[in-house]
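Hi,

Here is the model I said I would pass on.

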Amino acid sequence: MTTTTASLHNAAGREVPAEINGRPTLPFAGVDGRRPDGRKAAPPIRSCADFPADGDKRVAGLKEALRRAGLRDGMTIGTHHHFRNGDLVANMVFTAAADLGVKNLRWFPSASFPCHAPLLKLLENGTIHHIEGSMNGPLGDYCSQGKMRGMGVLRSHGGRWQAIQDGEVHLDLAVIAAPTADAFGNATGDRGPSACGLLGFAQADAQYADHVIVVTDNLVPFPCVPWQIMGQNVDQVVLVDKVGDPAQIVSGTTVVTRSPDRLRIAEHIAAFVRDAGILREGFSFQAGAGGITLAFTLFLKEMMLEAGVRARFVRGGSNQYLVEMLEEGLTDYILDGQTFDLDGVRSMRENPGHLATSPFTSYNFHGKGNFASMIDVVVLGATEVDVDFNANVVTHSDGRLLHGIGGWQNCLTSRCTVLAVPAVRDRIPVILDRVTTLCGPGELIDVVATEHGLCINPRRTDLVEALRGSKVPLLDIRELKTRIDRLCGGPPAKPRLGEEFVAAIQWVDGTTIDGVRRVVG
Amino acid sequence: MTDQPRFQAGRRGDEVRGDCWLGFDPAATGDLEFDFRSRVEVLYGEATRELLQELFASAGFANGRLSVDDQGAYPFVLRARAEALLRQVLQDPLWNAACEPVAGPCPPTVRVRPRRSRLYLPGNEPKYMLNAALHGPDAVILDLEDSVAPAAKSQARSLVRHALHSLDWGACERMVRINQGDAGLADLAALAGAPFHLVLVPKVERPAELAAVDAALGDRDVLLMPILESALGIENAFAIAQASPRNVALTIGLEDLTADLGIAKTAGGAETLWARSRMVHAAKATGLQAIDSVYGDVDDDPGFRASLREARALGFQGKGCVHPRQIAVVHQEMAPRPQEVEHACRIARAFEAAQARGQAVVSLGSKMIDPPVVKRALATVAAALEAGSLPTDWREREPKSA
C-alpha cells in the first residue's frame, strides 16, 4: 500500500497531496486559474480493414473480449453509472479480469455505488489497484479507512471528461453497458428490457479509449437507432443475460420529501426564485435529485402556473415531475444528463423535446462553452457548508468519504447557485466554520437555503436588493451557525484523521482543490 | 442476552432520531462506567459523556454502570432523559436536572391574541419540537395526553419541561395539554417553573374540574383552554366557559365526543354540528375565543380547506394542526375574504382621515359608521396584513369603486 503524506497548499488554503498516484499534483489556482494548452488526447489510429466487413463484432463472452482487447496489468478501465445502483456490468468486468489473472487495474467509473460492494474483495486481492471516480457508500468507506492501494481521485462529471481529453487519465479500455445495441456496436440506453435512458457519461469513453467494448442484453438487427454510442468507435460487442436493473436507477432520488422542515426549505427556494425575478418567461433551471429539490420543482411549477410563465429549458436528471412539466407545456425542452426514473426513460424515447446531453455539452472544461453556465438557477445539495459559503459534497463531518461529486461542481457556474441543506441533521451541524473537505469555492455559491431561512452570499448584493419586500426569511450565515452551535451544545469536534491522504478532490479544470485524509478509528 | 438495566429512560430503535436511550445500574463504589454508543461519537461523543457525568454527579451518583444508545440527541434531550432516569433512581418525581436555554426569555402571557393555528407536538418525541416554531403557528401545544403512551407519561414530562425551558419557540404562544384529573395535576407539578402561557385541559365536563387546575396553577400568569369532548361537557359549555377567569378560549374534541355519543364521525360532520354550534355560542356569550378541533388527514388539502371554511362560517377563530403544512392553510382560510378586506380598508381610511381632522365621528360618504363597526374593520385590516393578503402599502392604494 502506498501512503502519501507530503502536501502542498493550494490557492484555497487547503492542504493537498503533493503527488497523486505517482503524478505531481497541480494545486488549485483559483476558480479560473488554469488555462492548459497543447492538443487533446486521441485514440490510436485504426483501419476498417481490420474489422469484419459484415459489421458483426460479436465476441462470445466478456472474458474473451477482455483477452482480445489485450488487457494486462496496470491498465485503466472505464465504466458508466447510468444504472446507478442497478449496474451489473462493472462487477462482471472485474470478475472476468480477475479470472484472467490481471492485477493492479485502475477503475475509472463515472461513479460507483453500493451495488459494487462485491468489488471490495478484488481491491483486497490486488485485481483493482484503486478507483478514480465518485465512490458512494461501501467503496468510499473502504477508501476512507486507507485500505485502497492507490489514492482515490474524485472528479466531477465534467472533470472526468477533462481528464480524458487533456491526457491526465489515459483510458486503455472502455466497457459500456448498453440496454440495446446491434452487432456493429451502435448502442442506445432509451429502449430494451433494461432501458436506463441515455448513455452520455459513456460518450467520452467511446471516443477516447484505446479499445471499446459494448455489452448488451438486447441485441437488435443493424441499425440500432438512435445510436447514442456510434458503432464506429466500438471494437467488440458482447451479449450477456442482463446489464442492469433499471428499477435501481430510482433509488433514493425520486421520493418527494414529507419532512415539514425540508418542504419549508423547498418552498422558500421557489419563492426566492419568484421574488428575485428569476422566474420569468423563457427562464431555465436545474434541480438535482433528492427529496428537497423534487419538492422545489413542484412548488416552482405552482408558481409558474400562477405567474403564467414557461421555461425555455430545464436541465435534468429527469424524473416524472420534469416530464409532466414538459408534457404540460411548462417547458419547451428537457436537456437531460441522466434519467432518474422510468418516466424519464419513456419521455426520452418518445418526446422530441426531451434531449440526451452529455458532460461534453454541459460541463466540460475543454469545451467551447457549457450549457451549465447558461442556466438561470440551479438547486443542489451538500453535506456541509461553511460561513464563507464553501461547500462539501463528498465527506461527512466525521471525515468519511461517502458521496460522489457528480455534476455538482460543474453546476456551480450557473447564474444563481442555491444549496438546499438542513442547517443541522440529528445533532450533525451542516453549517460550519470550515468545511471538512472543500469541493466548491464559496465565490460560486450564491444562496444557502435552510429550514431557518435563506443565507445570501454577501457578494450577491443584486440578489439582496432584488429580495427587498419579499417574505422569504433571510439571515446571516454566521448568525445561523451561532444558533445551530447553541442548539447542539457548542461547535462539533473535528474528525479524527491520520496524516495519510487517501483521496484527492479535483476541481473542474484538473487541479486539486482538496485532499481527503484517512479516518482514524 | 444480558439483564436489562434496573433503570431506563428514553427511546431506542431503528426509527429513533435526535433522541437517546439510557440504562443505569447504580453501584456502591467505583466510577461511573459508560457503555456508550453514539451516532455522533466523533462530533459530540466526548461532550455527551461529560454532560451525563455532570448530571449524574449533580444527583449524587458518581458510581454505577450507565448504558447509552445515542441517536443524535441534542443536549436538551440528553438532559431530559437523564432527568427522567434519575427521578426513578431517586424516587423523586420532582427532581430536576439543570436546563440550558438556547433562546431568550419567554415573552409574557397575552390574553387577547390570535389563536388561529395551534400545532400539536407529541410530548415524548423531540424531533418535532426542534423546528416547530419556524413554521409560524400562532401556538404550539406540547402534548402530554393522547399522543403519549401511558408508560412514557413521566418521561414526557421531563422532555416537555426541558423543551419549554431550552428551545427557541419564537413568537408562538406556548401551550401544554395535560392529562385528565390527578394525572394532569401531577403534570403541572412536574412543570412548575417551566415557561408556558396556557394549559389545555382535556375532557372537561364540570366547572369543578377547572377549579382544581386553577388552584394548582396558584399565582402563575397562565391561561386555560378547556376541551369539551363529551355530551356532558357540551351541555355544560356555558358554565365551563365561566368557571375560571383564566379561560380565554373553548375548544372541542370530536373523536371523543362521537365516541361518547356512540356514533361514527363522518367527513361532513353533520352529527356534531349542534355540539360545535353550542360550543361557539357558549364561547361568544362569555367573551372567549371558539377554537375548532383538528383535521387528521394531512394529505387531504381540499377536505381540510372545506372544514376550515365551515369552521369559520360557524364562528370558530382557529383550528388545531397535526402537521406544520396545515399552518399556512389555516392562516389563509381564517383570513378575511377580499371583499371584506376592501370594505374594511375603506372604513379604516375614513377612520384615519377623521382622526387626522380631529373628528370623533367616522363617516363614509354620507353614511356614519358606528364605533364597533370601525373596531371590527381595523381588526379585519390587521388580520389581512397578518395573513399577507393585504399589501403593507394599502393606505396608498386606490380603493376600488364601491
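Below is what I found, going from the chain contact to single residues and then to the other chain.

First, some housekeeping. This is a predicted model, in which local features need pLDDT of at least 70 and side-chain atom pairs count only at pLDDT 80 or more, while totals for chains, interfaces and linings use all residues. Residues are numbered from 1 along each chain as its sequence is written, and chains are lettered from A and ligands numbered from 1 in the order in which they are written.

Let's start where the chains meet. On chain A, 21 residues are in contact with 22 residues of chain B (contact here means that C-beta atoms, placed from the backbone, lie within 7 Å). Two elements of chain A give two or more residues to this side: helix 7 (260-275) and helix 14 (477-488). Helix 7 of chain A gives the most, with 4 residues. Sorted by class, chain A's side has 8 nonpolar, 4 polar and 9 charged residues. For the classes, Ala, Val, Leu, Ile, Met, Phe, Trp, Tyr, Cys and Pro are nonpolar, Asp, Glu, Lys and Arg are charged, and the others, Gly among them, are polar.

What else is there to say about helix 7 of chain A? Of its 16 residues, 15 are buried, so the helix is mostly covered. A residue is buried with 20 or more other C-beta atoms within 10 Å of its own, exposed with 12 or fewer, and partly exposed in between, with C-beta atoms placed from the backbone. The length of helix 7 of chain A agrees with expectation, because its 16 residues should span 22 Å at 1.5 Å a residue and its end C-alpha atoms are 22 Å apart. The expected span is 1.5 Å times one less than the number of residues. After helix 7 of chain A comes A:Gly277, with a positive phi near 85°.

Next, a helix pair. Helix 9 (residues 320-327) and helix 10 (residues 342-350) of chain A pack at about 35°, with axes 8 Å apart. Those axes are lines fitted to C-alpha atoms over the stretch in contact, and angles run from 0 to 180 degrees between N-to-C directions. A:Gln320, A:Val323 and A:Leu326 of helix 9 meet A:Asp343, A:Gly344 and A:Ser347 of helix 10. That contact divides into 2 nonpolar, 3 polar and 1 charged.

Some backbone details are worth a look too. The A:Phe222 to A:Pro223 peptide bond is cis, with omega near 0°, and A:Pro223 lies in the loop between strand 13 (211-216) and strand 14 (236-239) of chain A. A cis bond also joins A:Val225 and A:Pro226, at an omega of about -10°; A:Pro226 is found in the loop between strand 13 and strand 14 of chain A.

A:Asp426 has a positive phi, near 45°, and sits in the loop between strand 23 (424-425) and strand 24 (428-429) of chain A. Phi of A:Arg427 is positive as well, near 65°.

Finally, chain B has 14 helices and 14 strands, and 46% of its 402 residues are buried.

Cheers

How values were computed
Contact = placed C-beta atoms within 7 Å.
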